[in-house]
Amino acid sequence: MTILDSRALNRATLARQYLLDRADTPVRDAVAHLCGMQAQQPQEPFIGLWSRLRGFEPNALDDLLTGREVVRTHLMRRTVHLVTADDALAWRARHDSMLRRRVLATYRRELAGIDLDEVAAAGRAVMADHRPRTMAELVQALQDRWPTPPRRALGELLVAALIPMVQLPPRGLWHSRSGVRNLPLATWLGRDIDPLSPDATDGTDPADPADATDPAGQQLVRRYLAVHGPAATADIRAWCGLAGLPAAVRAVREELVTFRDERGRELLDLPDAPRPHPDTPAPVRFLPAFDNVILGYHDRGRIIDDAHLGLSVAGLRAVLVDGRVSATWTVRDSRLAITPLRSLSTAEQEAVHTEGQALATFLDEDIDHVHITAADS
């Protein structure tokens, strides 16, 4: 079986993520191709799309949000993601059990003894008037019936797990700092969520039948590999938060090709997906916080060194140099400051500075200086 080293995996990932060469893909299609973009920081998807799409204009994403073609909702890993409306409807039911488990794991003591179905029904009854509400307003409407759980715990249970919600614009619009107002996904889109296949399993039961079907899970596997492959089942699980989608992987395995990484892990992939030569040049790219090109794997070694793994979950923005996380960047006091994580050659510094100037122009935040600091020792 062919072994793919980290550089080969890096170039495959960059090619599929539109980070080897900016694409001319329409914004909606790019969001769909990327299987959504992590978006709890509302402005970050704009940066991610700018680094991936040629001539990206922020109003194009604004129009999709206000036009209800893309939405901001809790989905993969119980984080807020920007996804197309079609994907939100197709994937939400498949994530329901995971979303509930993760909220309950976070607030196990605070929510002990709560009847989840009863809380969900009460929450839906409140939202049935089609009036957007903040999490606090929704909790306040239920406070008389559930006075004991902390408001934060009950609120997250409702908006992040029990009721599929959309965070409405102007939240998430370009240069907007609006707070979160929630509305049920089906209400906002005027379409019902796709039901979960009766045979679908969440992968937590070791006795899952080998002949179980999981159409939504199969789509997730194919779509994930198209943008993140070659990848192991542990990587799929790390990306979506679901338990490896074992039935779905079994169902599509004959469609796939397999490789090994340098650790001996089996990697799955679509047969016709791009796998460029490892020596393919990779341009400098600025990434937003929590970009799935980093977070979408259990083994992130293809793109970031072990010593810097903490950056990917701390919300720091990263710079790719030769395809790897090699610096972080911030904007403060009219300055775009770039902090290398290793020594950069003169040519690399020039390329980083040039791309940084282009980013500063795009951000339109009156940035008057791009500065590269000394590398961390």
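**Salt bridge exercises**

Asp279 is exposed, at a relative accessible area of 57%. Keep in mind that this is a predicted model.

**Exercise 1.** Find out which side chain meets Asp279 in a salt bridge, and where the two residues sit.

*Solution.* Start with the partner: Asp279 pairs with Arg7, at 4.0 Å from N to O. Arg7 belongs to helix α1 (residues 6–16), while Asp279 is in the loop between β8 (266–269) and β9 (285–286). That's a link between distant parts of the chain, 272 residues apart. Last, check the exposure of Arg7: its relative accessibility is 31%, so it counts as partly exposed.

**Exercise 2.** Work out which parts of the chain the salt bridge between Asp87 and Arg223 ties together, and decide whether Asp87 is buried or exposed.

*Solution.* First, look at the gap: the closest N and O atoms of Asp87 and Arg223 are 2.6 Å apart. Then locate the ends. Asp87 is in helix α5 (residues 85–106) and Arg223 is in helix α10 (residues 215–228), so the bridge joins parts 136 residues apart in sequence. Finally, Asp87 has a relative accessible area of 7%. Buried means under 20%, so Asp87 is buried.

**Exercise 3.** Name the partner of Arg342 and classify Arg342 by its accessibility.

*Solution.* The partner is Glu348, with a salt bridge of 3.1 Å, N to O. Arg342 has a relative accessible area of 31%, which makes it partly exposed.

Technical notes:
Residues are numbered from 1 along each chain as its sequence is written. This is a predicted model: local features need pLDDT of at least 70, side-chain atom pairs count only at pLDDT 80 or more; totals for chains, interfaces and linings use all residues. Side-chain values use heavy atoms; hydrogens and water are left out. Helices (H or I, at least four residues) and strands (E, at least two) are DSSP runs, numbered from the N terminus. Buried means under 20% relative accessible area, exposed over 50%, partly exposed in between (1.4 Å probe, protein chains only).
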